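User: I would like to learn how to read the features of a structure like this one. Please take me through them one at a time.

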Amino acid sequence: MADNDQVASIAAENDEIAIKVRGLVNSFGDFRVHDGVDLDVRRGEILGVVGGSGTGKSVLMRSIIGLQIPDEGEITVLGIPIGGGGELDDPSLSKRWGILFQGGALFSTLTVAENVQVPLREFYPDLGQGLLDEIASFKVVTSGLPVDAGPKYPSELSGGMRKRAGLARALALDPDLLFLDEPTAGLDPIGAAAFDELTLSLKKTLGLTVFLITHDLDTLYAICDRVAVLADKKVIAIGTIDELLATDHPWIQEYFNGPRGRAATAAKAAHEKEAV
Ligand SMILES: Nc1ncnc2c1ncn2[C@@H]1O[C@H](COP(=O)(O)OP(=O)(O)OP(=O)(O)O)[C@@H](O)[C@H]1O
């Protein structure tokens, strides 16, 4: 390949990668959580991140968004390097992602609409109240909540509605990237399936790239383009579920081929049959 072609091809590849992690090492005291994590998240995909409890899924997400200072490694998000100093080298990057933390992490003393307005006020201090209210209402509805949820306080909402309110806040700045940390945990199966559908439709309509930590096999089967498996302090495999099933790692086999994995496969097959 000619040098120019090679440069163009690397540029095109980088363009397709929304999040790139190389050689990530994280420790807490003597306890090493990650020891050389490599990961690519492609633009426009929903990437599911799975792994046993304590394998470092949340720490990985915190590293990517600059909240965790890694011992070693490089991370770039949308082509911009994340500084290792605990602060983003380029603070404007945080405008380009939205985060739904476990449990929603809403401010309990603010209404849903006021929660959605928090990031808007931070990044656009000159926006007038009328516009703030309008944007908040739009985000509330986009997240599948009734418009009258805006003036309510988090304590007045069901668990599923609180997740949607958290999602509305995550979408406030029209992000390119959405981070979801166990979004369906604690939801009943119908609520969880509805949240999955919403995530999928947001990805399609808004062109979002989604980094989704989950233990929910139904979510993985229903909406993830690919799945990354964290084990042994690394990403041991990444691919479609079929590709993962073709590997012989015992944890992967037990996870996807255990009783719950088989039930999720059967549910997906039944759903596809119904759709034909
Ligand atoms: N601030 C911290 N100080 C010390 N240890 C931490 C800290 N944050 C995370 N850990 C440890 O790092 C490990 C990975 O934590 P993390 O929350 O990323 O796991 P996880 O894969 O998301 O787990 P789960 O599926 O249970 O949510 C755990 O052993 C946890 O106790």
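Analyst: Start with residue classes: Ala, Val, Leu, Ile, Met, Phe, Trp, Tyr, Cys and Pro count as nonpolar, Asp, Glu, Lys and Arg as charged, and the others, Gly among them, as polar. By that scheme the shell around the ligand holds three nonpolar, six polar and one charged residues. This is a predicted model, in which local features need pLDDT of at least 70 and side-chain atom pairs count only at pLDDT 80 or more, while totals for chains, interfaces and linings use all residues. Residues are numbered from 1 along each chain as its sequence is written.

User: Which residues are around the ligand?

Analyst: A residue is near a molecule if its C-beta atom, placed from the backbone, lies within 6 Å of it. Here the residues around the ligand are F28, V33, G51, S53, G54, T55, G56, K57, S58 and V59.

User: Which helix gives the most to that shell?

Analyst: Helices (H or I, at least four residues) and strands (E, at least two) are DSSP runs, numbered from the N terminus. Helix α2, residues 57-64, gives the most to the shell, with three residues. The chain as a whole has ten helices and ten strands.

User: Is α2 mostly covered or mostly open?

Analyst: A residue is buried if 20 or more other C-beta atoms lie within 10 Å of its own, exposed if 12 or fewer, and partly exposed in between, with C-beta atoms placed from the backbone. Helix α2 is mostly covered, with six of its eight residues buried. Those buried residues are K57, V59, L60, M61, S63 and I64. Just after α2, G66 takes a positive phi of about 80°. Over the chain, buried residues make up 36% of the 276 residues.

User: How do I read a pair of packed helices?

Analyst: Two packed helices are described by the angle between their axes and the distance between the axes. The axes are lines fitted to C-alpha atoms, for helices over the stretch in contact, and angles run from 0 to 180 degrees between N-to-C directions. Helix α3 (residues 112-123) and helix α5 (residues 159-170) pack at about 30°, with axes 8 Å apart. Angles under 35 degrees count as roughly parallel, over 145 as roughly antiparallel, 65 to 115 as roughly perpendicular and the rest as oblique. Helices α3 and α5 are therefore roughly parallel to each other.

User: Which residues of α3 and α5 meet?

Analyst: Two residues are in contact if their C-beta atoms, placed from the backbone, lie within 7 Å. V112, N115, V116, V118 and P119 in α3 meet A165, A168 and R169 in α5. By class, this contact has six nonpolar, one polar and one charged residues.

User: What does L120 touch?

Analyst: L120 sits in helix α3. Leaving out residues up to four places away in sequence, L120 touches L127, L132, I135 and A172. L120 counts as partly exposed because there are 18 C-beta neighbours inside 10 Å.

User: Where does D232 lie?

Analyst: D232 lies in the loop between β9 (226-231) and β10 (234-239). D232 has a positive phi of about 50° although it is not a glycine. With 12 other C-beta atoms within 10 Å, D232 is exposed. K233 is found in the loop between β9 and β10 too, and its phi is near 70°, a positive value in a residue other than glycine. K233 counts as partly exposed, with 17 C-beta neighbours inside 10 Å.
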